[in-house]
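Please look over the sequence and the 3D structure shown here.

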Amino acid sequence: ITILIDSLPLLDFTKIGKIIIVGEMAYPVEIPAQFNKVQLVNKWLSNEEFDRYVNETDFLLMPYIEATQSGIAAVSIGYGKPAIVTRVGAMEEQFTENAAYFMFDVSVKALVDSIMYACSDKKKYERVQKELNVLSKKYTWENLGEKLSNYILRS
(Lines give C-alpha, C1' and ligand atoms only; values in the text may rest on other atoms or scores of the structure.)
Protein backbone atom coordinates (compact mmCIF):
# COMPACT_ATOMS: atom_id res chain seq x y z
CA ILE A 1 0.00 0.00 0.00
CA THR A 2 2.87 2.36 0.81
CA ILE A 3 4.30 2.07 -2.70
CA LEU A 4 0.87 2.73 -4.19
CA ILE A 5 0.19 5.75 -1.97
CA ASP A 6 3.64 7.17 -2.76
CA SER A 7 2.99 6.72 -6.50
CA LEU A 8 -0.22 8.79 -6.54
CA PRO A 9 1.40 12.20 -7.20
CA LEU A 10 3.19 10.74 -10.24
CA LEU A 11 0.18 9.14 -11.92
CA ASP A 12 -1.75 10.75 -14.78
CA PHE A 13 -5.34 10.22 -13.70
CA THR A 14 -6.64 11.52 -17.03
CA LYS A 15 -5.35 8.26 -18.51
CA ILE A 16 -6.12 5.81 -15.74
CA GLY A 17 -9.49 6.89 -14.40
CA LYS A 18 -9.68 5.89 -10.76
CA ILE A 19 -8.00 3.59 -8.29
CA ILE A 20 -9.94 1.60 -5.72
CA ILE A 21 -8.02 0.19 -2.76
CA VAL A 22 -10.14 -2.52 -1.24
CA GLY A 23 -9.77 -4.74 1.81
CA GLU A 24 -9.26 -4.53 5.52
CA MET A 25 -5.97 -2.78 6.18
CA ALA A 26 -3.59 -4.04 8.86
CA TYR A 27 -2.66 -0.45 9.74
CA PRO A 28 -4.25 2.99 9.26
CA VAL A 29 -4.17 4.18 5.63
CA GLU A 30 -5.10 7.69 4.55
CA ILE A 31 -5.45 8.97 1.02
CA PRO A 32 -4.49 12.64 0.64
CA ALA A 33 -7.59 14.72 -0.15
CA GLN A 34 -6.28 15.99 -3.50
CA PHE A 35 -6.54 12.44 -4.90
CA ASN A 36 -10.31 12.39 -5.30
CA LYS A 37 -10.05 9.62 -7.94
CA VAL A 38 -8.70 7.23 -5.31
CA GLN A 39 -11.26 5.37 -3.24
CA LEU A 40 -10.35 3.50 -0.07
CA VAL A 41 -12.68 0.75 1.14
CA ASN A 42 -11.06 -0.32 4.39
CA LYS A 43 -13.17 -3.25 5.54
CA TRP A 44 -13.61 -6.98 5.25
CA LEU A 45 -15.72 -7.60 2.14
CA SER A 46 -18.61 -9.98 1.71
CA ASN A 47 -18.36 -12.34 -1.27
CA GLU A 48 -20.86 -10.19 -3.16
CA GLU A 49 -18.91 -6.98 -2.48
CA PHE A 50 -15.66 -8.62 -3.47
CA ASP A 51 -17.17 -9.87 -6.71
CA ARG A 52 -18.61 -6.43 -7.49
CA TYR A 53 -15.29 -4.62 -6.94
CA VAL A 54 -13.31 -7.12 -9.03
CA ASN A 55 -15.83 -6.95 -11.86
CA GLU A 56 -15.70 -3.14 -12.03
CA THR A 57 -11.90 -3.02 -12.38
CA ASP A 58 -9.67 -3.23 -15.41
CA PHE A 59 -6.48 -4.11 -13.51
CA LEU A 60 -5.49 -5.55 -10.15
CA LEU A 61 -2.47 -3.96 -8.50
CA MET A 62 -0.06 -6.14 -6.53
CA PRO A 63 2.99 -3.99 -5.76
CA TYR A 64 4.10 -6.40 -3.04
CA ILE A 65 7.38 -5.87 -1.22
CA GLU A 66 7.30 -9.55 -0.29
CA ALA A 67 4.80 -12.32 -0.94
CA THR A 68 4.14 -16.01 -0.77
CA GLN A 69 1.23 -17.47 -2.71
CA SER A 70 -1.32 -14.74 -3.31
CA GLY A 71 -5.06 -15.24 -3.34
CA ILE A 72 -5.32 -12.08 -5.42
CA ALA A 73 -3.17 -13.73 -8.10
CA ALA A 74 -5.76 -16.51 -8.25
CA VAL A 75 -8.48 -13.84 -8.53
CA SER A 76 -6.62 -12.22 -11.43
CA ILE A 77 -6.42 -15.57 -13.19
CA GLY A 78 -9.96 -16.70 -12.40
CA TYR A 79 -11.63 -13.41 -13.35
CA GLY A 80 -9.34 -12.76 -16.32
CA LYS A 81 -8.28 -9.41 -14.84
CA PRO A 82 -4.74 -8.38 -15.79
CA ALA A 83 -2.51 -7.63 -12.82
CA ILE A 84 0.47 -5.40 -12.27
CA VAL A 85 2.80 -7.33 -9.98
CA THR A 86 6.27 -7.32 -8.52
CA ARG A 87 8.64 -10.24 -9.04
CA VAL A 88 8.71 -11.27 -5.39
CA GLY A 89 7.90 -14.47 -3.58
CA ALA A 90 5.77 -16.86 -5.58
CA MET A 91 4.29 -14.26 -7.93
CA GLU A 92 6.30 -15.47 -10.93
CA GLU A 93 5.25 -19.06 -10.18
CA GLN A 94 1.58 -18.14 -10.27
CA PHE A 95 1.66 -16.13 -13.50
CA THR A 96 3.36 -16.93 -16.77
CA GLU A 97 5.52 -14.17 -18.21
CA ASN A 98 2.70 -13.05 -20.53
CA ALA A 99 -0.16 -13.32 -18.02
CA ALA A 100 0.72 -10.20 -16.01
CA TYR A 101 2.46 -6.86 -16.19
CA PHE A 102 5.61 -7.51 -14.16
CA MET A 103 7.25 -4.47 -12.59
CA PHE A 104 10.99 -4.14 -13.30
CA ASP A 105 11.67 -3.70 -9.57
CA VAL A 106 9.91 -2.93 -6.30
CA SER A 107 9.70 0.86 -6.42
CA VAL A 108 7.35 3.77 -6.86
CA LYS A 109 8.83 4.52 -10.30
CA ALA A 110 8.36 0.93 -11.44
CA LEU A 111 4.72 0.95 -10.30
CA VAL A 112 3.99 4.27 -12.02
CA ASP A 113 5.70 3.12 -15.24
CA SER A 114 3.82 -0.20 -15.17
CA ILE A 115 0.42 1.42 -14.58
CA MET A 116 0.93 3.97 -17.33
CA TYR A 117 2.20 1.31 -19.76
CA ALA A 118 -0.71 -1.02 -18.98
CA CYS A 119 -3.22 1.79 -19.56
CA SER A 120 -1.70 2.79 -22.89
CA ASP A 121 -1.51 -0.49 -24.84
CA LYS A 122 -4.93 -2.05 -25.55
CA LYS A 123 -3.46 -4.88 -27.67
CA LYS A 124 -1.13 -5.92 -24.83
CA TYR A 125 -4.10 -5.85 -22.44
CA GLU A 126 -6.02 -8.21 -24.72
CA ARG A 127 -2.99 -10.55 -25.00
CA VAL A 128 -2.69 -10.66 -21.21
CA GLN A 129 -6.41 -11.46 -20.89
CA LYS A 130 -6.02 -14.34 -23.39
CA GLU A 131 -3.06 -15.73 -21.44
CA LEU A 132 -5.06 -15.49 -18.21
CA ASN A 133 -7.81 -17.50 -19.89
CA VAL A 134 -5.26 -20.20 -20.78
CA LEU A 135 -3.98 -20.21 -17.18
CA SER A 136 -7.47 -20.41 -15.71
CA LYS A 137 -8.15 -23.55 -17.76
CA LYS A 138 -4.85 -25.02 -16.60
CA TYR A 139 -5.81 -24.43 -12.94
CA THR A 140 -9.27 -26.06 -13.00
CA TRP A 141 -9.99 -28.60 -10.25
CA GLU A 142 -10.19 -31.30 -12.91
CA ASN A 143 -6.73 -30.52 -14.33
CA LEU A 144 -5.14 -30.10 -10.90
CA GLY A 145 -6.72 -33.36 -9.69
CA GLU A 146 -5.39 -35.18 -12.74
CA LYS A 147 -1.88 -33.82 -12.14
CA LEU A 148 -2.01 -34.88 -8.49
CA SER A 149 -3.27 -38.33 -9.42
CA ASN A 150 -0.53 -38.76 -12.02
CA TYR A 151 2.09 -37.63 -9.49
CA ILE A 152 0.85 -40.11 -6.88
CA LEU A 153 0.73 -42.97 -9.38
CA ARG A 154 4.35 -42.29 -10.41
CA SER A 155 5.62 -42.28 -6.82
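## Salt bridges, pocket and surface

Lys109 is exposed, with a relative accessible area of 52%. Buried means under 20% relative accessible area, exposed means over 50%, and partly exposed is in between (1.4 Å probe, protein chains only). This is a predicted model, in which local features need pLDDT of at least 70 and side-chain atom pairs count only at pLDDT 80 or more, while totals for chains, interfaces and linings use all residues. Residues are numbered from 1 along each chain as its sequence is written, and side-chain values use heavy atoms, with hydrogens and water left out.

**Salt bridges**

Lys109 has a charged partner. It forms a salt bridge with Asp113. A salt bridge here is a side-chain nitrogen of Lys or Arg within 4 Å of a carboxyl oxygen of Asp or Glu. The structure holds seven of these salt bridges.

| Salt bridge | Closest N and O atoms |
|---|---|
| Arg87 and Glu97 | 2.7 Å |
| Lys109 and Asp113 | 2.7 Å |
| Lys122 and Glu126 | 3.8 Å |

Where do Lys109 and Asp113 sit relative to each other in helix α6? They are four residues apart in that helix, so about one helical turn separates them. Helices (H or I, at least four residues) and strands (E, at least two) are DSSP runs, numbered from the N terminus. Asp113 is partly exposed, at 31% relative accessibility.

Lys122 is exposed, with a relative accessible area of 62%. Glu126 counts as partly exposed, at 35%. Elsewhere, salt bridges that share partners join Arg87, Glu92 and Glu97 into one network.

Arg87 lies in the loop between β4 and α5, and Glu97 in the loop between α5 and β5 (101–102), so the pair ties together parts that are ten residues apart in sequence. Arg87 is partly exposed, with a relative accessible area of 36%. Glu97 is partly exposed as well, at 47%.

Ala90 is also in the loop between β4 (83–85) and α5 (91–94). Is Ala90 buried or exposed? It counts as buried, at 8% relative accessibility. Ala90 and Lys15 are 75 residues apart in sequence, and their C-alpha atoms are 30 Å apart in space.

**The largest pocket**

Rolling a probe the size of a water molecule over the atoms shows where empty space is left. The largest pocket has a volume of about 1400 Å³. It is lined by 42 residues, and Ile20, Ile21, Val22, Leu60 and Leu61 lie nearest its centre. The elements that give two or more residues to this lining are α1 (2–7), β1 (19–22), α3 (47–55), β3 (60–62), α6 (108–120) and α7.

A pocket is found on a 1 Å grid over the protein atoms alone: it is an open set of points where a 1.4 Å probe fits, with protein on both sides within 12 Å along at least five of seven lines, and lining residues have an atom within 4 Å of a point.

What kinds of residue make up the lining of the largest pocket? They divide into 29 nonpolar, five polar and eight charged. Ala, Val, Leu, Ile, Met, Phe, Trp, Tyr, Cys and Pro count as nonpolar, Asp, Glu, Lys and Arg as charged, and the others, Gly among them, as polar.

**Around helix α7**

Gln129 is found in helix α7. It counts as partly exposed, at 31% relative accessibility. Ser76 lies in helix α4 (residues 71–79). With 0% relative accessibility, Ser76 counts as buried. Ser76 and Gln129 are 53 residues apart in sequence, yet 9.5 Å apart in space, C-alpha to C-alpha.

Ser136 lies in helix α7 too. It is partly exposed, at 23%.

Tyr139 is in the loop between α7 (122–138) and α8 (141–154). Its relative accessible area is 32%, so Tyr139 is partly exposed.

Terms used. Points joined across faces, edges and corners; volume = space filled by probe spheres on them.
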